[in-house]
Amino acid sequence: MNEESLVSVLREQVERLYRMDFYKNKLDQARIRPSDIRSMEDFRKVPFTHSPEFIEELLKEPSNCSLYSEDVTRVNFSPSGSQLYPVYQTNADIKRMNEVSARSFEAAGVKKSDLCAVTFGYHLFIAGIFYQTQLEYYGAKVIPLGPGESERARKIINHYRVSVLISNPTFAMKLAAADGIPSVRILFVGGEPFTSVDGYADRVRATFGRDLTIIDSYGMAACSPLARSCRYGTGLHVMDDFVFAEVIDPETGENVPYGEKGELVITHLYKEAAPLLRYRTGDLTIMERKECKCGRDITLPKGVFGRTDEMLKVKGVKFWPSQVGTILSTFPECSNRYRVVVSCRKGVDVLELVVEGSNAMRDRIDELSVRLKQETLIAFNTITVVPNLEQGPIMVDKRKGNQDISFI
Ligand SMILES: [Zn+2]
């Protein structure tokens, strides 16, 4: 879609959203009328939607919720703290979701003759039924396996020669551990960080004992699908016929250029029920524009790799502590317990890392140090490996005179 068409699609969507009190109030406060949106620059003046206000509106009973409509046909739920908020879809929303997904199944190499098995949950939450509906629409054959019961799942997969497995990567490896479930040709993963974890795909292929196609997906309950990789392995392509994605500096709210790190912001192009408008996902990513052989060109090469709300400034550089966990997960010699400590000595920030790990991890400290510097752009002053850590992962910021401890 060229920029002119995109602006016109966005303007039409904002016109629809203006009929919902939730968005009308936000736009009125910002003194923006839908008809004012005539360029991308105009669209960037539209206020952001933040997760707490969006969920607060969704938690209202349907008759008082302006994001609900009489056309809603499917209601899933998603957890937020101790509450469950509804995820509304109309028939038109489901149809469009199926259409964009069909394009991604084709790009993944799924054929109509494939027998697929979905191991995500089907009760309440979105993932299981979401894949089931999309694959049925595509015309493939689908077994709603659901989660758990790995022995029974493995028997069904082997007996019926399931060729496409949809699962979180941990469960897929559990299923493949005994015999590599030889009939599986394509694995769709989701529900856990995958593309952002260096070496994870190699570990999964090693467990399966062959070079199977692995397709990663990224989405949120309020917006699925959002991005999915293809069989060419170039990263997660934004489904730009379904959503408009922006990357912003989380501090200033300004858009950052392609290739620069920032927070992913999402706008639904056509969604009718509970649509998102400049929704701040809180997820940290890098977006690039480069044509892939599958035809998509807007890509998150490393998926998402951290939360922006945990951002700190260390040595003048933006630092996301959870990036440390992502890097550590590629070192099997350490656990997921670690402690990051920032302090200030003589006006200079000092960044220290303590990791729970084995003796073998001590031999890899230099390698870890290089990786941390590459990925976070900050040099850690010390890295210590200890056999046991009581708590973790935690972040301790000692710079404000007290000890600000937060769980990562
Ligand atoms: Zn591609």
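These are my notebook entries on a few places I looked up in this structure.

**Ground rules.** I am working with a predicted model, where local features need pLDDT of at least 70, side-chain atom pairs count only at pLDDT 80 or more, and totals for chains, interfaces and linings use all residues. I number residues from 1 along each chain as its sequence is written.

**Entry 1: helix α12.** I took helices (H or I, at least four residues) and strands (E, at least two) as DSSP runs, numbered from the N terminus. Helix α12 covers residues 365-376. I checked its length: at 1.5 Å a residue, its twelve residues should span 16 Å, and its end C-alpha atoms are 16 Å apart, which agrees. The expected span is 1.5 Å times one less than the number of residues.

Next I asked which residues of α12 are buried. They are L368, L372 and T376. They cover an arc of only 40° around the axis, so they sit on the same side of α12. The arc is that of the directions from the helix axis to the C-beta atoms. I recalled that an α-helix has 3.6 residues a turn, so residues three or four places apart point the same way. On the other side of α12, I found D366, E367, V370, K373 and Q374 exposed. I call a residue buried if 20 or more other C-beta atoms lie within 10 Å of its own, exposed if 12 or fewer, and partly exposed in between, with C-beta atoms placed from the backbone.

The buried residues pack against β17 (317-319), α10 (322-328) and β20 (382-386). Just after α12, L377 takes a positive phi of about 65°.

**Entry 2: the cores.** A nonpolar core is a set of buried Ala, Val, Leu, Ile, Met, Phe, Trp, Tyr and Cys residues joined through C-beta atoms within 7 Å. The largest has 86 residues, and L165 and I166 touch the most other members. Helix α6 (residues 127-138) gives the most to this core, with five residues. I then looked up a second, separate core of 13 residues, which includes V324, L328, V340 and L368.

**Entry 3: P301.** I found P301 in the loop between β14 (298-300) and β15 (304-307). Leaving aside neighbours within four places in sequence, P301 is in contact with G235, I286 and E288. Contact means that the C-beta atoms of two residues, placed from the backbone, lie within 7 Å.
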